[in-house]
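Q: Can you walk me through this one? Start with the terms, please.

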Amino acid sequence: MANLIPDDIDFAAYEAETEFRVKVRRASVFADDLHAKFDASPSSRSPAMGSTKLRGAIEFRPGEVTTWAGYNGHKKSMFTGQLALDLCEQRQRTLLVSLEMPPGDTLQRMSRQACASDLPSRERRNEFMRWTDDRLWLFDHVGRLTPSRCIAVLRYFAHELKGAHVFIDSFMKVVKSEESMDEQKQMVSDICDVAKETGLHVHLIAHCRKPGGQGEDKPPTKYDIRGSGAISDQSHNIILVWDNKAKRAEADKREPNPMVMGQPDVVVCIDKQRNGSVEGKFGLAFDVRSLRFCDSEMAAVDPYPMEAA
């Protein structure tokens, strides 16, 4: 006759013990993981931003979260739009959750960047649309998105569409208010968990708080990000985008100051990179006609190679 196990036993201690036994392992068990870090071939590297100086500075690895931050109106959404095009060029399936801009406006700006033109022809626009197939998706919603629905969108794109990158623009459209610190902390934690679970790389666009006495004349740091400190603490990478508005104002003067005009148009700062070695500031030029960011004012601004799609 079979022996019965009574159901009044306290199993909690055994559950905890089993979990810890599984998770506490000898370092040598991870030998394959160690060798993979050193022996990775160039073809196995994660996607990067090939169109700017960031190309050799940071990779956008699966399972990570990058927070892109800057003052209001400092081109962070425009910059991440160009990154999305770079990812599409590398055949990375990319989703834009743009909660502050309708899809048509987003695509208008991205088509200018992709075609390297302020007014691409209808033929070139159609070519751009064909090129985006199986590369670029947009979430058709403007306005606030609840945290649970945002997480559901991430999981849907990862599981159903085999997605690789998601841009959430912006974080404050997913939480109730700037004062809801606990909700923000939980949301960032949930995004990090979903990224790890699905292999997505989530790009979170955040705002910096309004500056004090110095105004916007100096680039912000990760400590200036508006909201909970958990945003910068839990994100794997923090990248700040700063538009040199003083230079544009100087250019309008009758006799511009050469020292000011010699400064970069935009400064992009990798302020944190948990799994990489490069941090620091990168000065870039901005091409007004195409809305493209490039290495210098002398750099060629060429269309993306959409003909080979």
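A: Buried means under 20% relative accessible area, exposed over 50%, and partly exposed in between (1.4 Å probe, protein chains only). Strands are DSSP E runs of at least two residues, helices H or I runs of at least four, numbered from the N terminus. The model is predicted: local features need pLDDT of at least 70, side-chain atom pairs pLDDT 80 or more, while totals for chains, interfaces and linings use all residues. Residues are numbered from 1 along each chain as its sequence is written, and side-chain values use heavy atoms, without hydrogens and water.

Q: Which residues of strand 6 are buried on each side?
A: N237, I239, V241 and D243 on one side, and I238, L240 and W242 on the other.

Q: Why two sets?
A: In a regular strand, side chains alternate between the two faces of the sheet.

Q: How does strand 6 pair with strand 7, parallel or antiparallel?
A: Antiparallel, through seven bridges to strand 7 (residues 266–273). Pairing takes at least two DSSP bridges. W242 has V267 as its bridge partner.

Q: And strand 1, how many bridges?
A: Four, and strand 1 (residues 65–70) runs parallel to strand 6. T67 sits opposite I238.

Q: Switching to K222. Where is it?
A: In the loop between strand 5 (201–207) and helix 8 (230–234). K222 counts as partly exposed because its relative accessibility is 21%.

Q: What does K222 touch?
A: S232, I238, L240, D271 and K272, leaving out residues up to four places away in sequence. Contact means heavy atoms within 4.5 Å. The C-alpha atoms of K222 and S232 are 6.4 Å apart, with the two residues ten apart in sequence.
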